[in-house]
Amino acid sequence: MAYLSGFCRALTGPAAGVWARLPRRGGLGALLLGVLLGLGRPQAAHAQAKYLTRAGHISFFSASIMEDIEARNDKVAAVFDLATGQIAFAVPIHDFQFKRTLMQEHFNENYMESDKFPKATFTGQLVNAAQVLKQLPSATQPVEAEGSLTVHGVTRKAIVSGTLQLRDGQLVVFAYFNIAPADYAIDIPLLVREHIAKSVSVRINLTCDAVAPAVATHP
Amino acid sequence: MIMKKLLTIFTRPALLALLLGAAAPAAHAQADLLGQLEQDTKKDAPSQVVDATFKATRLINGHTVQTPGEGTMVFLISHRFGALNSGAYEFFGLDQATLRLGFEYALTDRFEVGVGRSSLGKTFDGFLKYKAIQQTTGAHQVPVSVTLFTSAAVMTQRMSNGIDYTLGKRTAYTYQALIARKFSPDLSLQLMPTLVHRNLVINEGEKNDVFALGAGGRYKLTKRFSLNAEYYYLLPSYTADHYRNSVALGVDIETGGHIFQMHVTNSTGMIEQQFITQTTGNFFDGYLCFGFNVSRNFTVKQRARKI
């Protein structure tokens, strides 16, 4: 009985009262709330498992003694499935914006061949997913994802490190990794070899919205 | 307080089981997350402008649809030597050379201005070039790029043929619509309907206006090397009867910020007024002039971040 009365108070009391408890109880409170709401509306429980964005940010930086090369792209599409710990993201190569337009042209035409290979993709699985997902509602989680990264038509095993955070119903993702152009058959002529770093650092910043299953799981 | 107590009753494993249990039915549908993502993004694939139709702003003698990116300045050095069939005494044409030095600057990604000075006729030229239509793929397809080009050229050579040359009489104008399509990453073709207007013509019967239709293209053999061809056909006129169509064959070699263009052509001028209306050599008779354009790009102003 005591349980039920508490239950009712939590659901019917002022919203502020419920949220005020969350920081104190941490992840447990959030989880409980999720379950309670989820039981009431089964659809919602599914919705919270999957997060998606089509406007994620990615940038890369190559530092060499000759020049620094930097580009940004805000058209990253990504899906996170928190039920299974699966991750996928796709980066349209043609949408990288450089400060120098000639660099951008060379990037597309000569190095990434974006006509032939329009996207870079990653599919992977969170390492230690159960543990991470359990802690996720309470705090930002440092994570690693293992999977395959496809760049310039070449697929390789890759480990991406980063953090996951649930914030205001959104999944905030930060990730970073390095790519060696040579690993992905990106040919750099001798003449400009000093201009392009052997290892290019890549940063990803995603804010994913929860999606309803009806949208996300269509065949 | 009651709430706090209650919460401690629920142990974490139990909660997790509940949560995962609720989500479990959805799990099987997530086998191909990436495929699903691609399908999702394909639905609203945005239109994409086709760029790099050509490597340089020049095909060989004439312009391409390309303009440099915003804030980029191009320094262009062009040379045409004498005719190959002038023999060993003239060192197969290398003893003679005409030169044009030019600067171009792109005010926006679609609009550039340029100035140049040719040794032939001691001619100054200035031009405006605007990408009016850009070839686009995706939802809103546009099959071709169209760039509008106009130039004015003033010949400043001192003349002693008894004709009174005022500034106006020394001036000529060119109007062009450059129409190009990048058929594949390697193949791009271009058509160039052209009008050249000379304020003064010397010959009896010659018209001030000359109409020509240019055609050309490039085929990329490697990522940084292409074969180029360019031909300007003079529409039937006095000029067509007394001058020759401009023919040019060449290659582009790209190295970082430089583009080297090497070619053979029957024209010794490097601006439209000269190579379209004043070409005299017969290409197929061996009147081949070796020539090159070297362009160097400088980023004067970095583009504001589009984020």
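Predicted model: local features only at pLDDT ≥ 70, side-chain atom pairs only at ≥ 80, totals over all residues.
Although D168(A) is not a glycine, its phi is positive, at about 50°.

H152(A) is another non-glycine residue with a positive phi, here about 55°. Its loop lies between β6 (141-151) and β7 (154-167) of chain A.

## Helix α5 of chain A

Helix α5 of chain A covers residues 101-111. Its buried residues are T101(A), M103(A), H106(A), F107(A) and N108(A). What lies over these buried residues? The cover includes strands from both chains: β2 (68-81) and β4 (97-98) of chain A, and β2 (72-83) of chain B.

Just after α5(A) comes E113(A), which takes a positive phi of about 50°.

## Chain B as a whole

Chain B, which supplies part of the cover of α5(A) through its β2 (72-83), has 307 residues. Its secondary structure consists of 5 helices and 14 strands. Of the residues of chain B, 37% count as buried.

How much of the contact set in chain B, at a separation of 6 or more, comes from residues 24 or more positions apart? Such pairs account for 58% of those contacts.

Methods:
Residues numbered from 1 in each chain as written. Chains lettered and ligands numbered in written order. Buried ≥ 20, exposed ≤ 12 C-beta atoms within 10 Å, placed from the backbone. Helix = DSSP H or I, 4+ residues; strand = E, 2+ residues; numbered from the N terminus. Contact = placed C-beta atoms within 7 Å.
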